[in-house]
Amino acid sequence: MVPGRGQYTEDARRQRLEWLRGHSGAALTSLESTGLDAYNLVGNVENFIGSVEVPVGLAGPLLFAGDSVRGEVVAPLATTEGALVASASRGARVVSVSGGVSRVLSQRMTRDPVFECADLAAAHRLTGWLREQRAALEAQVRLVSRHTRPVDVEPHQIGRYLHVRFVFESADAAWQNMTTVATWQICRWLTDALAAREELRPRNMLLEGNLSGDKKSTVGSMPAGRGTRVTAECRLSRDTVASVLKTTPEAMVKNHVSTVLGAQQIGMPGHGVNAANIVAALFVARP
């Protein structure tokens, strides 16, 4: 049993660390000290034992020409993958020389509760009823968040199961956390509102039925978007491609075609080569 469960104190942290040393046989000297206060991590991590240091490098600058951000921006990347920062910086340089990029199209985050109904007809009736409750659903969201705004309610009936994709914008709030809170409030209201409606009341409810694609790569997220959806355009001159990227436009296009074919054969959603590494490094480096 891990000691000090539920306790956010320095003493509990050290007890857990000593227990892990004895359990694993490893010295774990890098975890001996930490700059984080255990009490401040309530709600962020459980059974806290320490922290690890990840090197952070600066990629860029990248010239932005958007609505909210204009000018050169640098990106902190937390990584131990050699050449990742250099590769991102090289791309930023060639784009910046060519005039910059970026425009935000939309911000969307979803939760997908699923309701198990008695039969197909009951699921169909519940679908119709939900479509009439838009104002009431929006009122429930306002009870728990000033930042989260409902964008859409999308019922998807699969047999006697009714999945409902609640789509939100949440400004600068923690998106998935706020959408979860808002959807949970809606589900609580639905439970009370349907308590006496036998013809509509679901037999069971699950807060997330997996139709949102949360934390997974999905085909649906490509056209619908998840998080911040952006588009970017930049026209590179032949001279810039030659001087910075050390190649030619023809070679880039030819190789792009071959990699797209490979991606299609393996069923890859999207054709980006290194985007996941960059995104992960950005998130780890966030203060």
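Visitor: Hi! Where does D214 sit?
Guide: D214 lies in the loop between β7 (204–206) and α6 (221–224). Helices (H or I, at least four residues) and strands (E, at least two) are DSSP runs, numbered from the N terminus. This is a predicted model, where local features need pLDDT of at least 70, side-chain atom pairs count only at pLDDT 80 or more, and totals for chains, interfaces and linings use all residues. Residues are numbered from 1 along each chain as its sequence is written, and side-chain values use heavy atoms, with hydrogens and water left out.

Visitor: Okay, is D214 buried or exposed?
Guide: D214 is buried, with a relative accessible area of 12%. Buried means under 20% relative accessible area, exposed over 50%, and partly exposed in between (1.4 Å probe, protein chains only).

Visitor: And which residues is D214 in contact with?
Guide: Leaving aside neighbours within four places in sequence, D214 is in contact with R111, Q176 and R226. Contact means heavy atoms within 4.5 Å. With R111, the side chain of D214 also makes a side-chain to side-chain polar contact (3.1 Å). A polar contact is a pair of N or O atoms within 3.5 Å; within protein, one must be able to donate a hydrogen and the other to accept it, and residues adjacent in sequence count only if both atoms are side-chain atoms.

Visitor: What about T180, what does that one touch?
Guide: T180 touches R111 too, along with L207, not counting residues up to four places away in sequence. T180 is in helix α5 (residues 175–193) and is partly exposed, at 22% relative accessibility.

Visitor: New topic: how many disulfides are there?
Guide: The count is zero. A disulfide is a covalent bond between the sulfur atoms of two cysteines. Here, the rule is a pair of cysteine sulfur atoms within 2.5 Å.

Visitor: Last one: which residues in helix α7 are buried?
Guide: In α7 (residues 238–245), T240, V241 and V244 are buried. They cover an arc of only 100 degrees around the axis, so they lie on the same side of α7. The arc is that of the directions from the helix axis to the C-beta atoms.

Visitor: What covers them?
Guide: The cover over the buried residues of α7 includes α2 (84–97) and α8 (249–266). After α7 comes K246, whose phi is positive, near 60 degrees.
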